[in-house]
Amino acid sequence: MTAERGDGPHVRQMLGAYVLDALEEDETASVARHLQRCGACAAAYVEVVDAVSLLAMLSAEDLLE
Ligand SMILES: [Zn+2]
């Protein structure tokens, strides 16, 4: 675990809950702030969004069967 000085802890472990809008309001705000400053977490966020939308598509197809 590494945290860049002055940039707060990385938020990768919270990204799943962040994408699903399952965080507390202040946690959501701090994740959003971190994503604006941290390219690594922003890239991870894009991957999580892709994975979640893929899962959403898959479960939608499952429901249609
Ligand atoms: Zn980060």
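**Entry 1: contacts and overall layout**

I began with contacts along the chain. Residues 24 or more positions apart account for 48% of the contacts with a separation of 6 or more. I note here that the model is predicted.

Next I looked up the elements. I found three helices and zero strands in the chain. From the N terminus on, the order is α-α-α.

I then checked burial. The chain has 65 residues, and 11% of them are buried.

**Entry 2: the core**

Which residues form the largest nonpolar core? I listed six: V11, L15, Y18, V31, C41 and Y45. Two elements give two or more residues to this core, namely α1 (15–19) and α3 (39–64).

I followed V31 from this list. Leaving out residues up to four places away in sequence, V31 touches V11, M14, Y18 and L23. Of these, V11 and Y18 are also on my core list.

**Entry 3: Y45**

I picked Y45 next, another member of the core. I placed Y45 in helix α3.

Is Y45 buried or exposed? Y45 is buried, because 20 other C-beta atoms lie within 10 Å.

I looked for partners of Y45. Apart from residues up to four places away in sequence, Y45 touches L15 and L35. L15 is 30 residues from Y45 along the chain, yet their C-alpha atoms are separated by 6.2 Å. L15 belongs to the core as well.

**Entry 4: helix α3**

I turned to α3 as a whole. α3 has 26 residues. From its first C-alpha to its last, α3 reaches 38 Å. That is close to the 38 Å expected at 1.5 Å a residue.

Why do I call α3 largely open? I counted two buried residues among its 26, so α3 lies largely in the open.

An α-helix has 3.6 residues a turn, so residues three or four places apart point the same way.

**Entry 5: D21**

Last, I visited a loop. D21 lies in the loop between α1 and α2 (25–37).

What is the phi of D21 near? I read a value near 60 degrees. That is positive, in a residue other than glycine.

D21 is exposed, because 7 other C-beta atoms lie within 10 Å. The cut-off for exposed is 12 or fewer, so D21 falls under it.

Conventions: Residues numbered from 1 in each chain as written. Predicted model: local features only at pLDDT ≥ 70, side-chain atom pairs only at ≥ 80, totals over all residues. Core = buried A, V, L, I, M, F, W, Y, C linked by C-beta atoms within 7 Å. Helix = DSSP H or I, 4+ residues; strand = E, 2+ residues; numbered from the N terminus. Contact = placed C-beta atoms within 7 Å. Expected span 1.5 Å × (residues − 1).
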